[in-house]
Amino acid sequence: MKNERIKNQYRVNEQIRAKEVRIVNEGGSTVMPTRQALDMARSQGVDLVEISPNAQPPVCRIIDYSKFLYQQKKHAKEMKAKQVKVEVKEIRFGPQTDEHDYNFKLKHAKEFLDAGNKVRAYVFFRGRSILFKEQGEVLLLRFANDLEEYGKVEQMPALEGKKMFLYIAPKKTGAVKKSQQKLDREKRENETKNAETEDGNTDNGLFANAKNGEDVLKKLQAE
């Protein structure tokens, strides 16, 4: 079916009704009467193929029609192979997501964006946990902030039924090079987390997300 569409896309030989055509080849182009172009094609044992019917005059090539169709099919296949297929990867949170789970999902989101995929992160509210929708929004804002070097927000957190969604698109494909400022900040954060763990004062779950999210909100308001 696909080959038939390609085959029927072009007029060939006697199907070409224009009085004159422009013949293109490696040496350039020449305008001549269609009858003369047909005689030239026959003398070479090939075909006259109309490749641009809307041009004035129509543009044609003198080439074996089977060879021409093969070239078109090959070119279409190469173009399709070059197209980057963007997938949407989902990251699910609960309103009580702890730090370990958050960092695990953040790592995967970075990998998804780094590979050129979009990320749809959402918080699922089960039963009465819908009362914590503000904390869910804070969590997603924090998530967007932590991914600022990898992606850009396409849609801010929005509640749809029992789920609150955040959409992030990749900034670019290929490896993401972190700035020195980002590296220093991550180092300080890790040192702080380690110190809190040793002291036994690490906050987990909803309250940790709320605390970190409030910091993000303050940062956004300041900007």
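**Rings, strands and a lysine**

Author: Let's start with Y65 and F68, which are both buried, meaning under 20% relative accessible area with a 1.4 Å probe and protein chains only, where exposed is over 50% and partly exposed lies in between. This is a predicted model, in which local features need pLDDT of at least 70, side-chain atom pairs count only at pLDDT 80 or more, and totals for chains, interfaces and linings use all residues. Residues are numbered from 1 along each chain as its sequence is written, and side-chain values use heavy atoms, with hydrogens and water left out.

Reader: What makes the pair of Y65 and F68 stacked?

Author: Their centres are 6.5 Å apart with 15° between the planes. Rings of Phe, Tyr and Trp (its six-membered ring) pair if their centres lie within 6.5 Å, and planes under 30 degrees apart count as stacked, over 60 as edge-to-face and the rest as tilted. So 15° makes this pair stacked. Both residues lie in helix α3 (65-82), 3 residues apart; helices are DSSP runs of H or I with at least four residues, strands are E runs of at least two, and numbering starts from the N terminus.

Reader: Why is the pair of Y122 and F165 called tilted?

Author: Their planes stand at 45°, with the ring centres 5.4 Å apart, so the pair is tilted. Y122 belongs to strand β6 and F165 to strand β8, 43 residues apart.

Reader: How do you know that K118 is partly exposed?

Author: Its relative accessibility is 29%, so K118 counts as partly exposed. K118 is found in strand β6, residues 118-124.

Reader: What makes the link between the side chains of K118 and E154 a polar contact?

Author: The distance is 3.3 Å. The definition asks for a pair of N or O atoms within 3.5 Å; within protein, one must be able to donate a hydrogen and the other to accept it, and residues adjacent in sequence count only if both atoms are side-chain atoms. So 3.3 Å falls inside the limit.

Reader: How do you know that β1 and β2 pair?

Author: 6 bridges join strand β1 (20-25) to β2, and the two run antiparallel. Two strands pair if DSSP finds at least two bridges between them, so these qualify. Along this pairing, E20 stands opposite P33 in β2.

Reader: And why do β2 and β3 stand at the edges?

Author: The open sheet of 4 strands has the order β2-β1-β4-β3, with mixed pairing. β2 (28-33) and β3 (47-52) each have a single partner strand, so one side of each is left without a neighbour in the sheet.
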